[in-house]
Amino acid sequence: MAEYYRLFLAQARGQAQYRASFWFDVAASTGFGVIDLLGVLVVFHASGSLGGFTQAEGLLIAALAGAGFALADLVVGSVERIRNYVRTGLFDAVLLRPLGALGQLIAMDFAPRRAGRAVLCAALIPVTAVGAGVQWTPVRLLVAVLAPLCGAVLFGAIFVATATVAFWWIDSGEFANSFTYGGRDFSTWPATIYGGVFRRVFAYGFGFAFAGYYPALILLGRPDPLGGPPWLAWLSPLVAAVAAVVAGLFWRRGVRQYRSTGS
Amino acid sequence: MPPLTVYWALVRAGFRRYSTYRQATVAGATTNVMFGFLRTYGMFAAAAAAGGVLAGYDRPRLATFVWVSQGMLATINIWGPPEYAERVRTGDAVTDLLRPVHPVWQLLAVDLGRAGFALLTRFVAPVVVGALAFGLYAPARWSTYPAFALSLVLALLVTFGCRHALFCSVHWLLDVRGPMTAWVLFSTLLSGMVFPLWILPEPLPALVVYGMPFASMVQAPMDVLVERGDPLRLLLTQAAWAAVALPAAVLIQRRGERKMVIQGG
Amino acid sequence: MSAVIETRGLRKEFVVRKRAGRFRRTRHAIAAVDGVDLRVEAGEMLGYIGPNGAGKSTTLKMLTGVLHPSGGDVRVCGFEPVPQRVRLARGIGVVFGQRSQLWWDLPLRESFDLLRHIYRVPPSEHAARLARCRSMLELDPFLDTPVRQLSLGQRMRGEITAALLHGPAVLFLDEPTIGLDVVSKQSVRAFLAEVGARGDTTVVLTTHDLADIQRLCERLVVIDHGRVVHDGTLAALHARYGSRRRVVADLDAPLDRPVAVPGADLESTEGGGARLTYALDQPPGALIAALAQTGVLRDVKIEEPDIEEVVARLYKDR
């Protein structure tokens, strides 16, 4: 691990030379977080409630999901640059060092300048929880802390898996956004608003309901309006773990693909 | 002024250039479809909670608003890469001055060609998916169709003018990352691509729709299409913003050129 | 002596899609490397050349664990490159002329320090190797400059240092002199010659600049269409392709009848007969003597066979 930490420090030192740019990025990241929450506020304001959830409850879902996404974006978000690495041959240099490829990429691209949104959303979790009238118990406290972390693992897995597509499809361009930013938008809202197959695929297939919706149900002490069994809401850690394993396996297939085709 | 055939050739070149980006077109259309579903369900839920109609939009109008606006995003190229700024930064833009065609009209012609290709692909794909999945609103008046076509062209002109004016800031700032980020922030919230602007709390809607250019890029054509509000007023608003944005782009371009010629970049 | 690099029947196929008609695409398998057998002993310095697309870089990538071979065996430092990539990486150093391994925004000094940690090199060893590179490659003037501000020549000297700091048993260099100015080229060559002369590092070098080969490599492997077409010394290459020495004679006055000696062919006549160029199959003594007898010989020059020409001929025959 020490080597990866060194790589990260080197990257951070490099970035620190562009001080104005750094603070600009922090501000922009916060700005995008604010914009997303404003969007949630506007829609709730116009409709009163959404999918059976009040504005306060909806904001709690958005804060939990937003914190998970932002944390993942902070740590592995730049893995989408793999396209450029493959195109420029930088990926070769990564494979020539005596360290794991994914670990190197994460350490090299870890972007503290994107912390704005993560800090904003994390700070909003207790605020929105109080606003939604959460009755605190030690278990719920633990859920409030763990939920963004599980969400981060889930979104991190989505970032890695969609970026891996570039090993086969170098011009995949915006394709990954459907699942990364699309997944973020999906999990910002109560899962009850979606219909039919679309909900089944994204809420359960990709697991996005476990980033904000189900942890919020636990905090609020509400049964699942979708009729899921009570234990379903507690599966977030398992869903995150499965997603991470699947993404890891897919990544390894991707690297093998790269090795058989080159750039 | 060069003959119209020159501009026509530029339009065709723009069309051809973008028609070679097939894979990016497929990837982009996929994203539009994904966000089409997300936004439709969000708007339907909001309408259901508000009693079936949200700020004057019923379900077919909301579905149309969402899916057609997803198609429009690529057509007006609201978030496209700042190519001109990149050309200035690398110094390639100097060669544009050597051509006997005004740089802004030259870029506009190419952009129209690009929009033509986007209209056939990126616009059609989400509209078809939306129509199959949710059904779309059929305009009641025949005059809505030509009005929408005109509104679409005006949206394209406003977007092009605003974006080019923004790109020209590269002549002074050397890097357009700041202005571009601000552009994405504002255009996300205030163009109508995330939600119809009429659901904003009073007195914001009128202020945003008429007092800022963003609504003329997405919201106005959608309102014309779903026949919400007076189409003439919407078209006049768009025309007014086009009449501001394009001359502003030409003016700032001229200033920037002078700076480039005098200071060499 | 044991082989540091050994390949047997090494192959790499790529699948290429070709457009056939408007929408159909057909798939072809193309062998970029087609059965390469290579054995490189410890301490050898090997030049690996071939025209563009001959399979040089592909071979190098298979030897360094970046690409997976489609067939054949490969062992480098006793490792199978792809499955044992991380362990192999500690034993080899790689320089890609057109790609950087250094940290763009950091001074060279910090890149080197980072590499020490990544490769887990004891500080004393690191310091000793760095000191040697610093003096030989004259790194000191730009050691604290961020890499992005270095000239190409400076950067390349940094890259080579970076590849050697962990004391690799094999150094792979892909076009290390590409794009460099004459002075930088000479500096890089002199340093590599020294590395080779010390004998503890095996060097494999691909290049388009045959002066690199002439200066550095005893052994030369020429690859074309993915196959080895020559493996041996430079002299053997000349012998095989019949490259010949030349004699260029400048005369005070044109001759009525050019001098003719067995084994010397008159290649060209310039300046209305004032300059004659002969290509030789045997030592030039007899020809020069004959030329001297004409009484009008002003100057004579013997040109060694040109490797560029040999290789150009080799490439043209493909």
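**The interface of chain C and chain A**

Mentor: Across the interface of chain C and chain A, 12 residue pairs are in polar contact, both residues being at pLDDT 80 or more; a polar contact is a pair of N or O atoms within 3.5 Å, where within protein one must be able to donate a hydrogen and the other to accept it, and residues adjacent in sequence count only if both atoms are side-chain atoms. This is a predicted model, in which local features need pLDDT of at least 70 and side-chain atom pairs count only at pLDDT 80 or more, whereas totals for chains, interfaces and linings use all residues. Residues are numbered from 1 along each chain as its sequence is written, chains are lettered from A and ligands numbered from 1 in the order in which they are written, and side-chain values use heavy atoms, with hydrogens and water left out.

Between chain C and chain A there are 3 salt bridges, a salt bridge being a side-chain nitrogen of Lys or Arg within 4 Å of a carboxyl oxygen of Asp or Glu. A salt bridge joins the side chains of A:Arg13 and C:Glu110, at 2.4 Å from N to O.

Counting contacts (heavy atoms within 4.5 Å), 29 residues of chain C touch 27 residues of chain A. The two chains bury about 2,600 Å² between them, with 54% of it on carbon and sulfur atoms, where buried area is the accessible area (1.4 Å probe) that two parts lose on being put together, summed over both. On the side of chain C, the residues that lose the most area to chain A are C:Val66, C:Arg85 and C:Ile118, together 23% of what that side buries.
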